[in-house]
Amino acid sequence: MLRTAPPSRHSLVVVVRAIACLGVLLGAGCGSPAASRDPAPEGPYVLVLGTAQDAGLPQIGCRAACCEAARADPARRRFASALLVVDPASGGRWLLDCGPDLREQVEAMRGHPPTRALPGARPPLVDAVFLTHAHMGHVAGLLHLGNEAYAARDLPVHGTASMAAFLAGHQPWALLVSLGNVRPVVVEPGVPTPLRGPDGAVVPGLTVTAFRVPHRDEVTDTVGFVVDGPSASLAYLPDIDKWERWERPLEELLASVDVALLDGTFFADGEVPGRALADIPHPFVSETIARLAAQPASLRSRVVFTHLNHGNPAADPTSAAAAAVRDAGMRVAREGDVFGL
Ligand SMILES: [Zn+2]
Ligand SMILES: [Zn+2]
Ligand SMILES: [Zn+2]
């Protein structure tokens, strides 16, 4: 059902965002790793753990300025797209997408929430995982949960039926399932999944709901997620082919949530030398800006681009592309950003 967020709920998101950005005034840089140390609100919130396309920034073997600059200046590095849903009241936290940078992203999770103090030598890193699809930037981190690494126990991994069948039926993922490191849980698109805290109890007022989208379904099908909290809701949609290929209008999704982290893989055509972008379709950031130009500012301000490819100029806040995003009333996600729920 379409739900338009009242202004008060949206204001909450903006306020929390402002708190997260105080680091700018203090010289720490909004969205730098330092931002994750900013005080968290008392209610549940979403912490941004990664904002890059699957292969991260710098990307393997890239000798162009985009990646050489990130090697020279670690503040320019970006991890593969992922979010952490955090609930201070229960001490719970849940991971959306589990890419190859999980090893470092676990460090960014420290203190989220401060109330999380679980006993044992290997307490659960998170209370559950939700996966959008099986391209490498969204599932490769599961390997860190196997017996060669953290040796997780019975961690629920939520995905579509296609994802659950993929994990259980194909190595190396099947080994994680058969050894009990992870437990695939099928989610039905459109049906909210209640989140369970470290004690196994359902956390009131906090759910994750998948919605199906078109994306090169080479390995599994693909979903985005809406995280609903007691005060606000957030959409996470890192990969989709093109807005026009989706039966649901983007505007309708935006009207139903307070903030939407959307596929910002490429800013414009021609960004991947030697490859035809028609083979790897995504909505260009420039197309999303143009599509929403006639929409009210209150709707445009909900757009936060994530999943940026290494060559996307908008990753650099000083670029003309980043300025175009700001001029459109939108934002580019930074690791450490916090959105209240
Ligand atoms: Zn991806
Ligand atoms: Zn590069
Ligand atoms: Zn993908």
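This is a predicted model: local features need pLDDT of at least 70, side-chain atom pairs count only at pLDDT 80 or more; totals for chains, interfaces and linings use all residues.
Which residue in β4 does L96 stand opposite? The views below get to that one in the third legend.

View 1. Averaged over the protein, pLDDT comes to 89. Of the residues, 88% score at least 70. The stretch to treat separately is residues 1–40, where pLDDT stays under 50. For that stretch the model has 74 contacts beyond four places in sequence.

**View 2. An open sheet built from 7 strands.** Read across, the strands run β6-β5-β4-β3-β2-β1-β14, and their pairing is mixed. At the edges sit β6 (182–186) and β14 (338–340), each with pairing on one side only. Going from one strand to the next, the twist averages 25°.

**View 3. Zooming in on β3 and β4, a parallel pair.** Strand β3 covers residues 92–96 and strand β4 covers residues 128–130. The two are joined over 3 bridges. Here's the answer to the opening question: L96 stands opposite F130 in β4.

**View 4. Helix α6 packed on the sheet.** This helix, residues 161–169, touches β5 (155–159) and β6. Its direction makes about 155° with that of β6.

**View 5. V46 in the largest nonpolar core.** The core has 87 residues, and V46 is listed among those with the most contacts inside it, along with L83, L234, A260 and F305. So who does V46 touch, leaving aside neighbours within four places in sequence? Its contacts are L83, L84, V85, V227, L234, F339 and L341. Two names, L83 and L234, turn up both as contacts of V46 and in the core's list of residues with the most contacts.

Definitions and conventions. Residues are numbered from 1 along each chain as its sequence is written. Chains are lettered from A and ligands numbered from 1 in the order in which they are written. pLDDT is the predictor's confidence in each residue, from 0 to 100. Two residues are in contact if their C-beta atoms, placed from the backbone, lie within 7 Å. Two strands pair if DSSP finds at least two bridges between them. Helices (H or I, at least four residues) and strands (E, at least two) are DSSP runs, numbered from the N terminus. Axes are lines fitted to C-alpha atoms, for helices over the stretch in contact, and angles run from 0 to 180 degrees between N-to-C directions. A nonpolar core is a set of buried Ala, Val, Leu, Ile, Met, Phe, Trp, Tyr and Cys residues joined through C-beta atoms within 7 Å. A residue is buried if 20 or more other C-beta atoms lie within 10 Å of its own, exposed if 12 or fewer, and partly exposed in between; C-beta atoms are placed from the backbone.
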